[in-house]
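Hi everyone, thanks for coming.

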Amino acid sequence: MQTVADERALIQQESAAIRASFREEDSYQRHNNVAKLLYIHMLGSPAHFGQIECLKLVASPRFSDKRLGYLGIMLLLDENQEVLTLVTNSLKNDMNHSNMYAVGLALCTFANIASEEMSRDLANEIEKLLGSSNTYIRKKAALCALRVIKKVPDLADHFVAKAKNLLTDRNHGVLLSSITLVTEMCQMDPGILEEFRNAVPLLVRNLKSLVTTGYSPEHDVSGITDPFLQVKILRLMRLLGKGDQQASETMNDILAQVATNTDSTKNVGNSILYETVLTVLEIEADTGLRVMAINILGKFLSNRDNNIRYVALNTLNKVVSMDTNAVQRHRNIILDCLRDGDISIRRRALELSYALINEQNVRVLIRELLAFLEVTDDEFKLGMTTQICLAAERFAPNKRWHIDTVLRVLKLAGNFVREEILSAFIRLVAHTPELQAYTASKLYAALKSDISQESLTLAATWIIGEYSEILLEGGFVDEETPKPASDKELIDLLISVIDSPYSNYLVKQFVLAAVTKISSRRTTTRSEQERVQELLAKYTTSPELELQQRAVEFASLFNLDDLKEGVLERMPPPELKATVMGVVSENKPVGSTHSKDGDLLGDDVTSTPVPGTSSVQRNQDLLADIFDSSPTPAPASPAPSRQTTVDNILDLFGSSTTITPNTSTSPPPAAAAPTSSAFSLLQTQSPPTQPPAPKLTTYTAYEKNELKITLTPQTNAAKPGVVMILVRFQVTGGTTASGINFQAAVPKSQQLQMLPMSNPTINPGAVETQQMRVIAPVGVNLPSMYCGGYRDDRSRRGSSGEHRERDRKRGQRPDSDRYDDRVQVEAEDRRGKENKQGKQEI
């Protein structure tokens with residue numbers, strides 16, 4: 001047995017011999033050599049050196065040489081080869097050959113390799129051959145015309161008249177190729193489509209003759225006469241009947257006849273029925289005919305062939321919105337497909353089941369889907385939980401059934417529930433006070449039996465923490481009689497959750513917040529409050545920063561008796577709205593939140609300052625930071641005592657240099673937001689409506705010596721502790737100021753980031769800018785800035801001691817102290833002939 005290397009060596013040896021024989025110009029050997037070369041090409045070895053020899057064979061008068069030559073051209077050449085231009089003349093000559101088989105060879109070659117240029121050159125020859133009296137030539141010429149209009153769509157008009165004549169041909173081969181040509185022309189040009197609408201009666205007549213004709217051995221396939229031609233006619237009728245009522249009415253009868261008389265026991269008959277269904281659903285058909293088409297698809301669902309069932313489900317998915325009632329009749333068969341062994345059929349059946357859900361059948365379909373959810377593969381569960389919960393939200397007959405359905409989903413597939421669904425469930429419970437005890441009891445029992453389902457754990461933890469007093473006062477609501485509940489049972493369950501191996505980072509956060517809330521209720525005993533304190537103390541040294549911070553801050557609430565109950569009271573019901581599912585990653589963890597920091601000084605910052613009016617308000621701001629939420633603002637105090645976050649960072653305006661805002665009023669306070677809690681899943685899912693951005697205030701920081709500097713602070717409620725400051729420099733006189741250098745400093749606990757000044761040289765009438773961003777840790781006041789006086793070396797004549805004494809009398813800091821200010825502006829001001837330097841400090 002030869003190896004691959006032996007075979008390659010033999011091919012190279014034979015190829016060399018063939019090249020040598022080609023050089024001898026032996027016409028008798030050329031035929032054999034080209035045949036060998038084509039075999040070598042089929043084996044995957046290079047054979048391009050035989051292209052010219054194929055052209056020589058085509059020029060031979062012998063038919064056998066022509067046949068092999070054209071075969072070689074079709075295999076060795078494509079439309080991008082330059083050698084192809086040499087073939088055009090040979091094709092033109094053979095298209096006019098007296099032998100119809102030679103003409104057929106030329107037409108076959110043209111249909112396979114014709115380029116755009118060749119199509120333009122030979123279009124007239126193709127058009128002439130369409131009118132040939134020979135059916136063999138007409139059939140092949142029609143396929144060549146198809147190649148021409150694909151390469152040069154502008155030439156389609158040349159073949160319209162000939163194509164109309166071909167539709168009246170009685171030969172099945174000519175009809176098949178001509179209908180293919182007409183279909184392509186109608187798809188390419190709407191104008192041509194309108195011209196062929198008159199051909200609908202002719203097509204109907206041809207189709208009727210195929211359906212009613214007796215046995216024809218020449219065209220029979222499994223007892224059906226020429227199914228290929230029937231399918232082509234149906235496809236063309238679908239194009240011509242779309243959007244045309246008159247053409248559709250002409251087709252109705254024959255389509256009903258085809259649907260009724262075609263044998264569905266054979267695959268050939270099913271292909272015709274499928275095309276008939278597509279045609280009926282596409283044209284302006286009668287309602288009864290549409291129902292018949294959908295019934296045919298329903299019958300396909302009972303077929304044992306998986307391909308036919310898949311095609312039926314796929315088509316029903318497209319037409320379910322067209323006639324839902326007709327599809328509903330096959331609901332049971334569709335649900336049976338959920339148990340099919342083929343995963344693609346199960347997927348299509350699921351999609352169709354979702355589309356069939358309405359107010360009347362929601363209970364039945366959801367029950368079937370929940371049964372399938374219990375046994376389905378994991379890859380289906382995420383989509384199923386989403387669709388079941390959305391359908392329950394939309395079509396639920398009552399709140400109790402809605403809650404039971406979501407609870408069932410959480411039990412069966414709690415690790416495959418999107419956070420939007422979980423948020424919607426919590427909103428539902430918050431707005432259903434009469435069922436809060438029932439829901440909390442059910443979640444308690446479910447969590448006690450299974451703590452491995454993450455979404456179930458999150459929902460149960462949130463609701464038990466929020467409504468624990470309802471459980472403790474009324475007991476666990478059972479089907480028969482309520483059972484007493486104790487705070488120890490609740491806290492024992494939550495502690496077992498946080499200590500379990502299934503507890504992740506997010507679950508621990510929820511549990512810490514839940515036990516803190518339970519401990520703040522008056523129904524909780526002192527001993528259980530001490531257990532909660534011990535749990536929080538344990539997590540104050542957690543290596544996970546978020547858990548440590550929450551534990552420390554929650555523990556600190558126990559020393560704030562006046563504020564503890566107010567901060568940890570029950571959340572008001574959030575805004576109830578429909579769940580909107582966006583593009584959610586399949587791998588996105590439940591309840592996760594992710595935010596990306598913007599580039600340096602490149603954030604879209606909108607000013608939403610939160611007013612603080614007193615120490616109580618500041619405490620509330622601190623607690624809001626603890627709970628990652630927006631507190632309810634305290635009542636506004638009189639305007640003189642109002643101080644915003646912007647004022648904190650701009651304490652520099654309270655020193656010796658007076659800074660006057662350009663606006664006479666302070667920014668309006670932000671709108672009141674509902675109190676939230678740390679374990680509110682609704683923070684990220686249904687954010688409150690953002691208040692309109694207040695008007696920015698510009699402060700004049702310096703205005704002397706023909707130089708004006710203004711500061712415009714800007715904050716963003718979404719990024720607490722961050723202040724953007726825009727510094728503007730402007731020359732008020734007519735002289736250019738150059739060498740401006742702005743410097744700033746902040747305490748070590750804060751961060752300062754600065755962009756370069758837009759231009760250190762300031763021309764009269766121009767405004768130059770510089771951006772700063774100051775970042776302070778959460779819970780720490782934003783940086784204070786101080787403003788000193790102004791010193792000009794040109795105007796000082798006394799000693800430094802005299803200046804300091806004079807400054808003290810004026811209530812100003814001495815010049816030597818001013819060098820320690822946190823923000824400095826140095827300007828070298830070269831002005832015309834004076835050539836003097838000035839230095840200013842802010």
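Tyr-39 sits in helix H2, residues 27–42; helices here are DSSP runs of H or I with at least four residues, strands are runs of E with at least two, and both are numbered from the N terminus. Together with Met-42 and Leu-43, Tyr-39 forms a nonpolar patch on the surface, with about 360 Å² of accessible area in total. Accessible areas come from the Shrake-Rupley method with a 1.4 Å probe, and for residues only the protein chains shown count as cover. Patch members have over 30% relative accessible area and no salt bridge, and nonpolar side chains (Val, Leu, Ile, Met, Phe, Trp, Tyr) are joined within 5 Å. A salt bridge, by the way, is a side-chain nitrogen of Lys or Arg within 4 Å of a carboxyl oxygen of Asp or Glu.

Please keep in mind that this is a predicted model: local features need pLDDT of at least 70 and side-chain atom pairs count only at pLDDT 80 or more, while totals for chains, interfaces and linings use all residues. Residues are numbered from 1 along each chain as its sequence is written, and side-chain values use heavy atoms, leaving out hydrogens and water.

Now to the inside. Which residues touch the most other members of the largest nonpolar core? They are Phe-110, Phe-196 and Phe-425, in a core of 195 residues. Helix H29, residues 505–520, gives the largest share of this core, nine residues. Such a core is a set of buried Ala, Val, Leu, Ile, Met, Phe, Trp, Tyr and Cys residues joined through side-chain atoms within 4.5 Å. Buried means under 20% relative accessible area, exposed over 50%, and partly exposed in between (1.4 Å probe, protein chains only).

Leaving aside neighbours within four places in sequence, Phe-196 is in contact (heavy atoms within 4.5 Å) with residues including Val-160, Leu-167, Met-185 and Leu-240.

Leu-240 is also one of the buried residues of helix H13. In H13, 11 of 15 residues are buried, so the helix is mostly covered.

Let's finish with backbone angles. Most residues other than glycine have a negative phi. Asp-226, in the loop between strand S2 and H13, has a positive phi near 40°, and Asp-226 is buried at 9% relative accessible area. Glu-706 has a positive phi near 60°, but is partly exposed at 35%.

Definitions and conventions: Patches are made of residues with over 30% relative accessible area and no salt bridge: like charges are joined within 9 Å, nonpolar side chains (Val, Leu, Ile, Met, Phe, Trp, Tyr) within 5 Å.
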